[in-house]
Amino acid sequence: MKNLKGNLRFWLVMMAVFALGSLVFTAGIIRREHLVFGATYMTMNNPFYQVINTELRKAVTEHGDSLVVRDPLMNADRQIEQVEQFIADDVDGIFVNPVDSVSLGPVLRLSLIHI
């Protein structure tokens with residue numbers, strides 16, 4: 001039960017961060033000339049993620065921005081490396097569909113420090 005509460009709290013915080021980031025992006029409060037976003041899904045072998053990626057890319061490019069997509073191929077360690085690289089590259093936003101939310105949690109918390 002304790003782990004469930006921790007996971008629920010984590011996802012609520014992540015949803016709030018995403019909502020706030022979306023608000024800032026769409027309101028143009030913080031707007032560089034060209035934004036770069038990173039996206040990493042569980043796998044791109046699933047048509048579901050291909051559709052999500054197509055729609056996300058369309059929304060990002062309509063604003064003149066770019067989307068960098070990485071495919072961890074269902075490997076949690078690879079996805080952690082991808083998110084760490086997005087942070088190191090100082091992308092403006094990261095979209096994540098975690099392979100393993102527990103193992104990805106620490107790197108996502110670290111990314112909040114960079115905001």
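Q: How far apart are the end C-alpha atoms of helix H2, residues 47–62?
A: They are 23 Å apart. At 1.5 Å a residue, the 16 residues should span 22 Å, so the two values agree. The expected span is 1.5 Å times one less than the number of residues. Helices (H or I, at least four residues) and strands (E, at least two) are DSSP runs, numbered from the N terminus.

Q: And what kind of model is this?
A: It's a predicted model, where local features need pLDDT of at least 70 and side-chain atom pairs count only at pLDDT 80 or more, while totals for chains, interfaces and linings use all residues. Residues are numbered from 1 along each chain as its sequence is written, and side-chain values use heavy atoms, with hydrogens and water left out.

Q: OK, which residues of H2 are buried?
A: Tyr49, Asn53, Leu56 and Val60. They span an arc of only 70 degrees around the axis, which puts them on the same side of H2. The arc is taken from the directions from the helix axis to the C-beta atoms. Buried means under 20% relative accessible area, exposed over 50%, and partly exposed in between (1.4 Å probe, protein chains only).

Q: Which ones are exposed on the other side?
A: Pro47, Val51 and Glu62.

Q: What do the buried ones pack against?
A: Strands S1 (36–40), S2 (66–70) and S3 (93–96).

Q: What happens at the start of H2?
A: A side-chain oxygen of Asn46 comes to within 2.8 Å of the backbone nitrogen of Phe48. Just after H2, Gly64 has a positive phi of about 80 degrees.

Q: Switching to the strands: do S1 and S2 run parallel or antiparallel?
A: Parallel, with five bridges joining them; strands pair if DSSP finds at least two bridges between them. Val36 stands opposite Ser66 in S2. The chain goes from S1 through H2 to S2, a right-handed β-α-β crossover: with the strands pointing away from the viewer, the path from the first strand over the helix to the second runs clockwise.

Notes
Contact means heavy atoms within 4.5 Å. A polar contact is a pair of N or O atoms within 3.5 Å; within protein, one must be able to donate a hydrogen and the other to accept it, and residues adjacent in sequence count only if both atoms are side-chain atoms.
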